[in-house]
There are 2 protein chains.
Amino acid sequence: MPTVTSIQFDLVARPHGEPTTDDVVRVERTLPELADGEVRVENEFLSVDPYMRGRMNDVRSYIPPFALGEALTGAAVGHVVESRSPDFAVGDTVQHQLGWRDVAQGPSAAFRAAPRLPGLPLSVHLGALGISGITAWVGLTVIAKLRKGDTVFVSGAAGGVGSMVGQIARLKGASRVVGSAGSAEKVELLTGKYRFDAAFNYKDGDVRGQLHAAASDGIDVYFDNVGGEHLEAALDAFNDGGRAALCGAIADYNATDGGSGIRFTSNIVTRGLTLQGFTMTNYGQYAPQFAADMQRWLADGSIVFDETVVTGIDNTFDAFTGMMRGDNVGKMIVAI
Amino acid sequence: MPTVTSIQFDLVARPHGEPTTDDVVRVERTLPELADGEVRVENEFLSVDPYMRGRMNDVRSYIPPFALGEALTGAAVGHVVESRSPDFAVGDTVQHQLGWRDVAQGPSAAFRAAPRLPGLPLSVHLGALGISGITAWVGLTVIAKLRKGDTVFVSGAAGGVGSMVGQIARLKGASRVVGSAGSAEKVELLTGKYRFDAAFNYKDGDVRGQLHAAASDGIDVYFDNVGGEHLEAALDAFNDGGRAALCGAIADYNATDGGSGIRFTSNIVTRGLTLQGFTMTNYGQYAPQFAADMQRWLADGSIVFDETVVTGIDNTFDAFTGMMRGDNVGKMIVAI
């Protein structure tokens, strides 16, 4: 048998603030032969996501931290190149959590079928039909309990999750959808292709003022990808009984001292607000409902999506830090 | 018929920051004769509560602001001195919302029977058996969804609501109850008479550090009467899945710029926390369940309470500002 190697990325230091190339090193590992029940997969696309920054810290969180000296992992899709399991045949396309590498292998239970769908890239299983889409769907419906007629605000609205939030909110009956993004081009994308009612560029400053202008009757639901100044603006803009689904706090992920100080928290009391943080680890039971909705929406064109594709396994770390800076439009993907 | 007058307090200016005697003036009003269906009540005890500070501002909140040039109102108990309604006879004791005055009158529907209970002052209907008690009960059970074995933290724990929270939490199965208060004497009261497991004086500073020391395994439920630094400390101390019932933000009620900046909000995401603000306007349906619990607990001595009684209707405003400063132990009451 020829030797098979896998390019991987080991976490060698815990980032203090923004991760640097000193924290992560590229390694090439020789893979053992497959054991009974195992499969080997050539990855085609990798996902880089904000939550990975949290796992680089050694603090308790909803998923355990990455271990120092071990390879990073994440969502990926690829095709089976060798199988010693009856569950998968060579050529089957699969999704799994052994990303940040070009070749992955393990017991068949670690892999799940991910069919190639007509007119869609395989990477859709990492974005609209994957973690981005279900995160948006669960946040809006289960966590924020979206009601018909609600005004919905989503921050980081041009990202993988945010672009899904705005479109799903409209399809689920929101009367007004407002988004923020980090460039004029993204703002145009929101009100154009993604059909938001209003959008603004948070890099222009005065997030509170811009949100008030875009939602002058207040907001009922806030889907938070950003934290910081955005969360503060939402607290100030909420109508009575408002609900926030807190999905990300990218503004604070690199913070080392508790992050931004959020004002207007006393509105939580006076307006009877509910803020709920959530992560998909606890909501897998909604996958079938979500998939039924999203497959229909993708098929009939109700939902559109973008990907920012970085090519080459060696650029995975750059893709990650670029995503953290907001370089992406839609889901950030690494194509191998 | 002799003329009947009522001493009342009109809001004449909206306080900017801490309310002063320039904002509220004492007036004596001549009352009209009773119309059919009305009753007249001599108040015996008045309640002064933190939420009243919010009503002095002209901003939307869960209850409308007090109107300028009109008399303040609030919870009160007293006895009927004249009745033109079949619902109440002279001598009946009642509770109602026409406080901040010595004589109140209106349609019988504005009054509710409040029996004198053996061994308890009539003012118990303003405290343990009234708004303080039900606020604690609803916050713990309905909002924070207290579970057996939870560690519970309550701020402002020696006040009217806080002292109920700690005792109800224990009776409902909390394994550890921690409180903060604003003096060494109050801290002693918490761990003594109210049987908290641990308590600290927040005026000693470092609320985060003191909370970590008092609840080294983290907290599961936080009942917030204070906001500000206390809310920040709770966010830092929460275990995964922690729940906060936000009842008050007394630290921020006099704020004019959005209040304190709260750090550690990104923990809401990473630990899957839920923060819910609530006010009793929306939870009246729990009154029968609450009353059944509390009457039993008061009768068998499971729950004890304190009152700080200020005597004299003319001291009502001072009682209010004193309560806002934390001068009270247990419920702040004005005896007329």
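Analyst: Let's start with one term: a residue counts as buried when its relative accessible area is under 20%. Keep in mind that the model we are reading is predicted.

User: Thanks! Is Asp10(A) buried or exposed, then?

Analyst: Asp10(A) has a relative accessible area of 7%, so it is buried. You will find Asp10(A) in strand β1, which covers residues 4-11 of chain A.

User: And what does the side chain of Asp10(A) reach?

Analyst: That side chain reaches the backbone nitrogen of Ala71(A), at 3.3 Å. Leaving out residues up to four places away in sequence, Asp10(A) touches several others, among them Asp23(A), Arg29(A), Gly69(A) and Glu70(A).

User: Let me try a lysine. Where is Lys331(A) found, and is it buried or exposed?

Analyst: Lys331(A) belongs to strand β15, residues 331-335 of chain A. With 5% relative accessibility, Lys331(A) counts as buried. The side chain of Lys331(A) makes a polar contact with the side chain of Ser47(A) at 2.6 Å. Apart from residues up to four places away in sequence, Lys331(A) also touches others, including Leu126(A), Ser132(A), Gly159(A) and Asp306(A).

User: How should I read the area buried between domain 1 and domain 2 of chain A?

Analyst: Read the total together with its make-up. The area buried between the two domains of chain A is about 1400 Å², and carbon and sulfur atoms give 54% of it.

User: How many salt bridges and polar contacts are counted between domain 1 and domain 2 of chain A?

Analyst: First the general idea: side chains of opposite charge can pair when their charged atoms come close. Between the domains of chain A, the count is one salt bridge. The side chains of Lys193(A) and Asp306(A) meet in a salt bridge, with N to O at 2.8 Å. The count of residue pairs in polar contact between the two domains is six.

User: Now the two chains. How many residues are in contact between chain A and chain B?

Analyst: There are 37 residues of chain A in contact with 37 residues of chain B. Together the chains bury about 2700 Å², with 53% of it on carbon and sulfur atoms. Zero salt bridges are found across this interface, while four residue pairs are in polar contact. The elements giving two or more residues to the side of chain A that touches chain B are α6 (228-237), β12 (238-246), α7 (267-270) and β13 (274-277). By type, that side has 15 nonpolar, 15 polar and seven charged residues.

User: How many salt bridges are found over all chains?

Analyst: A search of the whole structure finds 30. One pair is Glu44(A) with Arg116(A), whose closest N and O atoms are 2.8 Å apart. Glu44(A) sits in strand β3 and Arg116(A) in the loop between β7 and α2 of chain A, so the pair ties together parts 72 residues apart in sequence. Glu44(A) is buried, at 17% relative accessible area. In chain B, Glu44(B) forms a salt bridge with Arg116(B), again with closest N and O atoms 2.8 Å apart.

User: Which residues are linked with Arg26(A) in a network of salt bridges?

Analyst: Glu28(A) and Asp314(A) are linked with Arg26(A) in such a network.

User: Last one: how do I read a positive phi?

Analyst: Most residues other than glycine have a negative phi. Asp206(A) is not a glycine, yet its phi is positive, about 45°. Asp206(A) lies in the loop between β10 (198-201) and α5 (207-214) of chain A. Asp206(B) also has a positive phi of about 45°, and Asp206(B) counts as exposed at 52% relative accessibility.

How values were computed
Residues are numbered from 1 along each chain as its sequence is written. Chains are lettered from A and ligands numbered from 1 in the order in which they are written. This is a predicted model: local features need pLDDT of at least 70, side-chain atom pairs count only at pLDDT 80 or more; totals for chains, interfaces and linings use all residues. Side-chain values use heavy atoms; hydrogens and water are left out. Helices (H or I, at least four residues) and strands (E, at least two) are DSSP runs, numbered from the N terminus. Buried means under 20% relative accessible area, exposed over 50%, partly exposed in between (1.4 Å probe, protein chains only). Contact means heavy atoms within 4.5 Å. A polar contact is a pair of N or O atoms within 3.5 Å; within protein, one must be able to donate a hydrogen and the other to accept it, and residues adjacent in sequence count only if both atoms are side-chain atoms. Buried area is the accessible area (1.4 Å probe) that two parts lose on being put together, summed over both. A salt bridge is a side-chain nitrogen of Lys or Arg within 4 Å of a carboxyl oxygen of Asp or Glu. Ala, Val, Leu, Ile, Met, Phe, Trp, Tyr, Cys and Pro count as nonpolar, Asp, Glu, Lys and Arg as charged, and the others, Gly among them, as polar.
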